[in-house]
Amino acid sequence: MNSNPSTAEKYRSIFLAIASVAALIALAGGFLAQDLLLWSGTAICIVIILPIILPAIQRGFMNSPLGRNVHITLACFLAAVLILLWGRISQFDDTFWTWFNSLRWEAWGAVGQILIAILAVWVAWRQNEISEKLTGQQNLITQQQTIDNYFQGISELVLDPQGQLEDWPLERAIAQARTAALFGSVDSDGRAKILRFLSSANLLTPLKRDGLLGRAILDGSGGYVVDLEHGVRVISLGIMLAGKDISKTDLRFCDLSGCNLLKANLSGCNLTGADFSGAILAKANLKSADLNRVILFHGKVETASPRDRAQVPNFITGEFSGAVVEEADFSNAEDLSAENRQYLCAWGGSKTRRSMPGGCKNIPNLLGR
């Protein structure tokens, strides 16, 4: 490889040296107030430097958004020139400056202060909104930790070292008290998590117990014997959920039998396979709920009827074993079976019948009101 510089590089070095001398001459002319030296040196610099820097400027321009859209750039440039020429010809610029100078700037200052105040209010609102979101996230974390501690405490309370559900009356009372307190301090999702946990662990199901220690009796196939008539629940929900919001949650296959859900909000819930036999659903909101395979009564629909505290339920015929559904709202409920719809129409009363999907035609109102 030849180590001597090319001819073009030699000439470029010579031209840059001349341009440097010319720049010094122009600088000296500026200090000495000699216009001839100033303009001569400047002209020589421009003539020498422009051919060197113009290709780099051209490459940079062509790689920029303006260069890649050269037609649009040229059109905008020409439009700006035409607007300037039109302004000079029509004296629009003089008219504009006359109008501009006639403005009452003190009024505009007041408008600016108002706009600044509005901006300050908006910034404060956004800060408050962000703060609320962060607080909500922190509350969710705290709530989940509380629920996890509850799960651990209940598990330790109801299980003895042998792993049997040996729950003494005092243990049941403590478990129910902790559950009632927690239901009042969590949101709808938290309540649904608690219900799923208790139901999956058979803590809401009436279990058959021996006559000596009160232990739940195993059924020989990995579960416990369910006794609907005389069984004892580890935790009886009672009125814990009355008037509570559990809307838009997952309650699939939860055992809510015998639970008081008076005026509870169950709208939009997935209640697939949930057991509401003997529950109180009076004035409850079940709009748009998924009622696929939901259990509202035992026995046959022809003989089933709502619970009655003065009567003993018959879980074979269904008498007094069903849910109390008077004045409940079932508007837009989904997957309601023909038997459950017949039961609801028969024992729901006039208000429940009006909200029934598919109507209650040819189904008598056995409630009589």
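Lysine 287 is partly exposed, with 38% relative accessible area, in what is a predicted model. The side chain of lysine 287 forms a salt bridge with aspartate 329. Both residues lie in the loop between helix 8 (188-200) and helix 9 (338-347), so the pair ties together parts that are 42 residues apart in sequence.

Arginine 369 and glutamate 326 also meet in a salt bridge. This pair links distant parts of the chain, 43 residues apart: arginine 369 belongs to the segment after helix 10 (349-354), and glutamate 326 to the loop between helix 8 and helix 9. Arginine 369 counts as exposed, at 53% relative accessibility.

| Salt bridge | N to O distance |
|---|---|
| Lysine 287 – aspartate 329 | 3.7 Å |
| Arginine 369 – glutamate 326 | 2.8 Å |
| Arginine 252 – aspartate 250 | 2.8 Å |

In the pair of arginine 252 and aspartate 250, arginine 252 is partly exposed at 44% relative accessible area, and aspartate 250 is partly exposed at 24%.

A nonpolar patch lies on the surface, formed by Leu16, Ile46, Ile49, Leu50, Ile52, Ile53, Leu54 and Ile57, with about 630 Å² of accessible area together. Helix 2 (residues 35-63) contributes the largest share, 7 residues. Leucine 54 is located in helix 2 and is partly exposed, with a relative accessible area of 46%.

The largest pocket holds about 450 Å³ of space. Its lining comprises 21 residues, of which Leu228, Arg233, Gly258, Pro313 and Phe315 lie nearest the centre. By class, the lining of this pocket has 6 nonpolar, 9 polar and 6 charged residues.

Technical notes:
Residues are numbered from 1 along each chain as its sequence is written. This is a predicted model: local features need pLDDT of at least 70, side-chain atom pairs count only at pLDDT 80 or more; totals for chains, interfaces and linings use all residues. Side-chain values use heavy atoms; hydrogens and water are left out. Patches are made of residues with over 30% relative accessible area and no salt bridge: like charges are joined within 9 Å, nonpolar side chains (Val, Leu, Ile, Met, Phe, Trp, Tyr) within 5 Å. Accessible areas come from the Shrake-Rupley method with a 1.4 Å probe; for residues, only the protein chains shown count as cover. A salt bridge is a side-chain nitrogen of Lys or Arg within 4 Å of a carboxyl oxygen of Asp or Glu. Helices (H or I, at least four residues) and strands (E, at least two) are DSSP runs, numbered from the N terminus. Buried means under 20% relative accessible area, exposed over 50%, partly exposed in between (1.4 Å probe, protein chains only). On a 1 Å grid over the protein atoms alone, a cavity is a set of points where a 1.4 Å probe fits but cannot get out, and a pocket is an open set with protein on both sides within 12 Å along at least five of seven lines; lining residues have an atom within 4 Å of a point. Grid points are joined across faces, edges and corners, and a volume is the space filled by probe spheres set on the points. Ala, Val, Leu, Ile, Met, Phe, Trp, Tyr, Cys and Pro count as nonpolar, Asp, Glu, Lys and Arg as charged, and the others, Gly among them, as polar.
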